[in-house]
Amino acid sequence: MTNYRERLSVPVRWWVIAALLVLTIWLIVAVPAGQPAGLAAGGVCAVLLAALFIRYGGAQVAVDAERLRAGKASIEREHLGKVEPLTGEAVRNAFGRDCDPAAYLVLRGYLKGAVRVEITDPHDPAPYWLIATRKPEQLAAALTQSSVARS
């Protein structure tokens, strides 16, 4: 059973900008080289951008009774310590000047919230995980409530 799940998909405005870029590439190539060349260049650009957005936006954050999953990593809940939801300036500082280079980061610049999760496993080199999210309060609550229920 999953207590929390979120896909960190790219915002719609990125897709709109990508569509405008594809049209621009098509026009730049089609005018001097012809319609088939423009379609080929625009098609290649569209496929590359779609693949990039789907891969980058495919990261997921999930919390269940046993694990926290963020991006490609997962950790057992027993190794999680203090959970802190972050918004506004605190997020910018956490991913910037206050960031520990050893921390595990799931950074998405288009998301305005994050959660910092302390790691208590003595064998893990990361002191904490910093996870970008659209819903920092809900993610923190899912981590906190589940850990209280397990105790």
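Predicted model: local features only at pLDDT ≥ 70, side-chain atom pairs only at ≥ 80, totals over all residues.
Buried means under 20% relative accessible area, exposed means over 50%, and partly exposed lies in between, using a 1.4 Å probe and the protein chains only.

Residues are numbered from 1 along each chain as its sequence is written, and side-chain values use heavy atoms, with hydrogens and water left out.

**The inside**

Let's start with the core. A nonpolar core is a set of buried Ala, Val, Leu, Ile, Met, Phe, Trp, Tyr and Cys residues joined through side-chain atoms within 4.5 Å. The largest one here has 36 residues, and Leu68, Trp129, Ile131, Leu139 and Leu143 have the most contacts inside it. Strand 8 (residues 128–133) gives the most to this core, with 5 residues. Helices (H or I, at least four residues) and strands (E, at least two) are DSSP runs, numbered from the N terminus.

Take a look at Trp129. Not counting residues up to four places away in sequence, Trp129 touches a list of residues including Leu68, Ile75, Tyr104 and Val117; contact means heavy atoms within 4.5 Å.

**Strands 2 and 3**

Strand 2 (residues 60–64) is mostly covered, as 4 of its 5 residues are buried. A hairpin of 2 residues joins strand 2 to strand 3. The two strands run antiparallel, with 3 bridges between them and strand 3 covering residues 67–70; strands pair if DSSP finds at least two bridges between them. Ala62, for example, has Arg69 in strand 3 as its bridge partner.

**Two loop residues**

Val10 is in the loop between strand 1 (2–7) and helix 1. Val10 counts as buried because its relative accessibility is 8%. Leaving aside neighbours within four places in sequence, its contacts are Trp15, Phe53, Tyr56, Gly57 and Tyr110. The C-alpha atoms of Val10 and Leu111 are 9.0 Å apart, although 101 residues separate them along the chain.

His79 is in the loop between strand 4 (73–76) and strand 5 (80–87). With a relative accessible area of 18%, His79 is buried too.

**Charged pairs**

A salt bridge is a side-chain nitrogen of Lys or Arg within 4 Å of a carboxyl oxygen of Asp or Glu. The count comes to 6, and the table shows some of them.

| Pair | Closest N and O atoms |
|---|---|
| Arg67 and Glu76 | 3.0 Å |
| Asp98 and Arg97 | 3.5 Å |
| Arg116 and Glu84 | 3.4 Å |

The pair of Arg116 in strand 7 (residues 113–119) and Glu84 in strand 5 links distant parts of the chain, 32 residues apart. Glu84 is partly exposed, at 29%. Arg67 is partly exposed at 21%, as is Glu76 at 32%. Asp98 is also partly exposed, at 43%.

**A patch on the outside**

Val12, Val16, Leu20 and Leu23 form a nonpolar surface patch with about 390 Å² of accessible area together. Accessible areas come from the Shrake-Rupley method with a 1.4 Å probe, and for residues only the protein chains shown count as cover. Patches are made of residues with over 30% relative accessible area and no salt bridge; like charges are joined within 9 Å, and nonpolar side chains (Val, Leu, Ile, Met, Phe, Trp, Tyr) within 5 Å. Leu23 is in helix 1 (residues 12–33), and Leu23 counts as exposed because its relative accessible area is 52%.
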